[in-house]
Amino acid sequence: MQEISLHILDIAQNSIRAGAKLIEITVTENLKEDVFSFTVKDDGCGMDEELLKKVTDPFVTTRTTRRVGLGIPLLIAGAEATGGNVKIKSKVGVGTEICATYSHSHIDRQPLGDIASCMMSVISMNPDIDFIYTHFYEQKSFTLETRELKAVLGDVKLSEPSVALWVKEYVNENLTEIYGGAS
Amino acid sequence: MKSIAELEAIKKKVLDNVNLRKEREDGIRVVVGMATCGIAAGARPVMTALLEEVSKRNLGNVVVEQTGCIGICRLEPIVEVFVPGEEKVTYVKMSADKVAKIVTEHIVNGNPVVDYTIGKAEN
């Protein structure tokens, strides 16, 4: 994984497979405290304590198509390489929350990358799931809530390609704005 | 600057287009593998290119979907094309560059791009 946004896309797939109805993705960049973090929180099926303990093991996966699950181990390796960490909270029937923290300035911190394309992918591929994406950069922030978009769109689905591309550009423009103009 | 109000215009355009379409059920399904293996291999730009191409050509009968791991991770990114009444075509080691050709030749004109298929890659 070359970008943190790809980890976000990957972790969000776990929430989707857990049957989540609402997925909240929050990215926080705090330069003063040298923190880069992201959280993916869902209201999916959750994990019991036994699975929660094993989930960081690459040889643990719930899928049947192959025997390894590398998503979480790769995420942990990336965060720990910068002196950060990954925290996972989960409760059966309630949901799961994964928080990855990095040192913002560390040379080994992967770039955020194309988060707009990632949000476009998860939103357009899962039009029946609600997403809230919030991005904090220093004092500024931006929030995208799919429920607001659905209220405008009515019968037109978020999976419609022209709508999906609008989402991507909307995220990009707003990120440029909170980053302080030129990107 | 984009605003949510712009979605109204997009919605209207989509609805006008829907009225001209046949039932979505007999449409073409394009499925991208988006598990860890697919994402790490570059599925995201493939997905973006597919949405852009379908939108640009206004292909109302095509839906782009995602799936998990298909089980042949070494050939990711993988794209499967389901045309009603025809056998599924599996494209492997996809890239954004290959998307336009597949959309033009296969999805629009009905001729699978054999060079990019799994059958070709495995030989």
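User: What share of the contacts in chain B with a separation of 6 or more comes from residues 24 or more positions apart?

Analyst: The model is predicted. In chain B, residues 24 or more positions apart account for 69% of the contacts with a separation of 6 or more. In chain A, the corresponding share is 63%. A pair counts as a contact here if the C-beta atoms lie within 7 Å.

User: How is the secondary structure of chain B made up, and what pattern does it follow along the sequence?

Analyst: Chain B has five helices and four strands, and read along the sequence they give α-β-α-α-β-β-β-α-α. The C-alpha atoms of chain B fill a box of roughly 50 × 35 × 20 Å along the principal axes. Of its 123 residues, 34% count as buried.

User: How do you know whether the radius of gyration of chain A agrees with that of a compact globule?

Analyst: For 183 residues, a compact globule would have a radius of gyration near 16 Å; chain A has 16 Å, and therefore the value agrees. The C-alpha atoms of chain A fill a box of roughly 45 × 40 × 25 Å, taken along the principal axes, and 39% of its 183 residues count as buried. Chain A contains six helices and six strands, arranged from the N terminus as α-β-β-α-α-β-β-α-β-β-α-α.

User: What else is found in the loop between strand 2 and strand 3 of chain B?

Analyst: Pro77(B) is found in that loop. A cis peptide bond joins Glu76(B) and Pro77(B), with omega at about -10°.

User: What makes the phi of Asn58(B) worth noting, and how is the exposure of Asn58(B) classed?

Analyst: The phi of Asn58(B) is near 55°, a positive value in a residue other than glycine. Asn58(B) has 13 other C-beta atoms within 10 Å, and is therefore partly exposed. It lies in the loop between helix 3 and strand 2 of chain B. Asn61(B) is also placed in the loop between helix 3 and strand 2 of chain B; with 15 other C-beta atoms within 10 Å, Asn61(B) is partly exposed. The C-alpha atoms of Asn61(B) and Tyr116(B), 55 residues apart along the chain, are separated by 23 Å.

User: How do helix 3 and helix 4 of chain B pack, and what makes up the contact?

Analyst: Helix 3 and helix 4 (residues 96–108) of chain B pack at an angle of about 35°, with their axes 8 Å apart. The contact is made by Pro45(B), Val46(B), Ala49(B), Leu50(B), Glu53(B) and Val54(B) of helix 3 and by Ala96(B), Val99(B), Ala100(B) and Val103(B) of helix 4. These residues divide into nine nonpolar, no polar and one charged. The crossing of the two helices is right-handed.

User: At what angle do helix 4 and helix 6 of chain A pack?

Analyst: Helix 4 and helix 6 (residues 161–178) of chain A pack at an angle of about 145°, with their axes 8 Å apart. The residues of helix 4 in this contact include Met119(A), Met120(A) and Ile123(A), and those of helix 6 include Val167(A) and Val171(A). By class, the contact has nine nonpolar, three polar and one charged residues. Val167(A) touches Met119(A), Met120(A), Ile123(A) and Ser124(A), not counting residues up to four places away in sequence.

User: Which residues touch the most other members of the largest nonpolar core?

Analyst: Among its 75 residues, Ile8(A), Met119(A), Val167(A) and Leu50(B) touch the most other members. Helix 4 (residues 115–125) of chain A gives the most to this core, with eight residues.

User: How many residues does each chain bring to the contact between chain A and chain B?

Analyst: Chain B brings 31 residues and chain A brings 33 residues. On the side of chain B, helix 1 (6–20), helix 2 (36–41), helix 3 (43–56) and strand 2 (62–67) each supply at least two residues. The residues on that side divide into 18 nonpolar, six polar and seven charged.

Definitions and conventions
Residues numbered from 1 in each chain as written. Chains lettered and ligands numbered in written order. Predicted model: local features only at pLDDT ≥ 70, side-chain atom pairs only at ≥ 80, totals over all residues. Contact = placed C-beta atoms within 7 Å. Nonpolar A, V, L, I, M, F, W, Y, C, P; charged D, E, K, R; others polar. Core = buried A, V, L, I, M, F, W, Y, C linked by C-beta atoms within 7 Å. Buried ≥ 20, exposed ≤ 12 C-beta atoms within 10 Å, placed from the backbone. Rg over C-alpha atoms; globule rule 2.2 N^0.38 Å. Axes fitted to C-alpha atoms, helices over the stretch in contact; angles between N-to-C directions. Left-handed = near helix turned anticlockwise from the far one by under 90°.
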